[in-house]
Amino acid sequence: VAGANAEWSPHFRWWHIAIFLAILTGSFWLRFNHLADIPHDLHGDMASMGIQARGWLAGRQPNLFREGWANIPMVGFLPSAIFLSLFGNDLFALNLSAVAGGMFTLAGLYLLVWRLFDSHRLAALSTAVLAVNIPHIHFSRLAAYMDPWPFMLFAMFLLVDGLKARRPQSFALAGVLLGIGTQMYYSGRVIVVVLAASLLYLLIVRPRWLRDNFLGLCLLLVGTLIALGPSLLYFADNWEALAERSRSVLVLYEPVMTHLQLKYGLDSTTAVILEQIRRSLLMFNHSVDSSTQFGFKHPMFSSLFSPLIPLGFAYALRRWRTPGLGLSLIWLLVLILFGSVLTNNAPFWPRLVGVLPVAAVLFALVLDRFWLVLVQLAPKSDRVSATAVLGLMASVLFIFAGQSNWALYEQTVRQNARPNALVGRYLAALPEHIAACGFGSPGPLQVRETAFLAWPRPLLD
């Protein structure tokens, strides 16, 4: 139920739904195709996610309200456990949970952009850009890193809806999603900073949104506390467990700073920070992934898209008092600062999955402006036809981008399995009663990648 002074966005027409479903259909193919085999490697972190979820299903870790592997709260393993229980206790089901996360991220982005900018066209363009992005495709096929962002994008959509429609129930549901999302992979916790900065920004440019929604903002907090539930009590007594991993990757942590000085060949903290800034700002069009989870030797966006992201940033910066543009800038800058500049080995893409949606919006902003100019240049009687032609051209562009990006991605990860994953895949193809014996020190079969893939076959070192 909307309140007084509610602000409405354009309704969904049948063609909006058709375009939205077409984008999701193509996106699903890019994320589901050969899901168990591409990528061919299984990183140890993904294997650990699966092993932790398996342990939960087997009743070996019955306590939901505590930390699990790598100090991630046990709630963070819930998506993996659900998919393992429903679709088979194997790699396919584990990766399928990431496919669902990636698809919900795309749906959440569409709704957020539509509500924030009052534009179906910009929402469709933003979602299409993200859909064909190689890092987003990759992290939508791994059982980690993507998991907080569906919750965060839907939470931000509901928050914007609550602010614009003066709808208290949207705030309450947004709080529940925020509470769940902050218990997923660590990178999602940056939403707390994004939210705080966004509310301060709205206090300047849209104070009435906050004045009219005092009750809703209280419900936002209540919903978050309810979703955290007993976890809040546990981590109040075990704060170090929750903060340990975040602190260990902080650039000012002495071991991290020492590592970076050696890596960059620099001898001062200031020089290291400047190098971190340089690498972070160039990640869209030049810097490559520093992680072993992907190690993609290309920038975050293809050369077809990346030049327009700085242009979109400049456009947003010039019109920063427009809520959609200002909030996009806050999201982008906070994610770059806390997810890259201030953390080890910039740019480390597993921590930067959340920057992909807003970068897609900045790119789409430029396309949207060009679209408007071209339509306005056409005679009034021909503007419907011009819109149809531009829509067809945009469809061709994204189909071409999706095909070329998939080809590059498949070429990169089809044969990238490391020895532990290769042994695990070999054993997984054998009958389940076969026992495998390994000889060596340390034991070669109990490593997490092999152990996850070969289960339930007995492994004897």
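## A buried arginine and its partner

In this predicted model, arginine 425 has a relative accessible area of 17%. Buried means under 20%, and arginine 425 is therefore classed as buried. Its side chain meets that of aspartate 37 in a salt bridge, with a distance of 3.7 Å from N to O. Aspartate 37, in contrast, is partly exposed, at a relative accessible area of 40%.

Where in the chain do arginine 425 and aspartate 37 lie? Arginine 425 belongs to helix H20, which covers residues 419-428. Aspartate 37 is in the loop between helix H1 (14-32) and helix H2 (44-57). The two residues are 388 residues apart, and the pair thus links distant parts of the chain.

## Other salt bridges

The whole structure contains 15 salt bridges. One of them joins arginine 369 to aspartate 368, and the closest N and O atoms of this pair are 2.8 Å apart. Arginine 369 is partly exposed at 34% relative accessibility, whereas aspartate 368 is buried, with a relative accessible area of 3%.

Arginine 208 is partly exposed, with a relative accessible area of 44%. Aspartate 212 is also partly exposed, with a value of 32%.

## The chain as a whole

The protein chain has 21 helices and two strands. Its radius of gyration is 23 Å, close to the 23 Å that the globule rule gives for 461 residues, so the chain is as compact as a globular protein of that length. Along the principal axes, the C-alpha trace spans about 75 × 50 × 50 Å.

How much of the chain is buried? Buried residues account for 54% of the 461 residues. Of the contacts between residues at least 6 apart in sequence, 74% join residues at least 24 apart.

## Surface and charge

The protein chain exposes about 20,600 Å², and carbon and sulfur atoms supply 68% of this area. The chain carries 33 positive and 23 negative charges.

Key:
Residues are numbered from 1 along each chain as its sequence is written. This is a predicted model: local features need pLDDT of at least 70, side-chain atom pairs count only at pLDDT 80 or more; totals for chains, interfaces and linings use all residues. Side-chain values use heavy atoms; hydrogens and water are left out. Helices (H or I, at least four residues) and strands (E, at least two) are DSSP runs, numbered from the N terminus. The radius of gyration is taken over C-alpha atoms; the globule rule is 2.2 Å times the number of residues to the power 0.38. Buried means under 20% relative accessible area, exposed over 50%, partly exposed in between (1.4 Å probe, protein chains only). Contact means heavy atoms within 4.5 Å. Accessible areas come from the Shrake-Rupley method with a 1.4 Å probe; for residues, only the protein chains shown count as cover. Lys and Arg count as positive and Asp and Glu as negative; His and the chain ends are not counted. The place of a charge is taken as NZ of Lys, CZ of Arg, CG of Asp or CD of Glu. A salt bridge is a side-chain nitrogen of Lys or Arg within 4 Å of a carboxyl oxygen of Asp or Glu.
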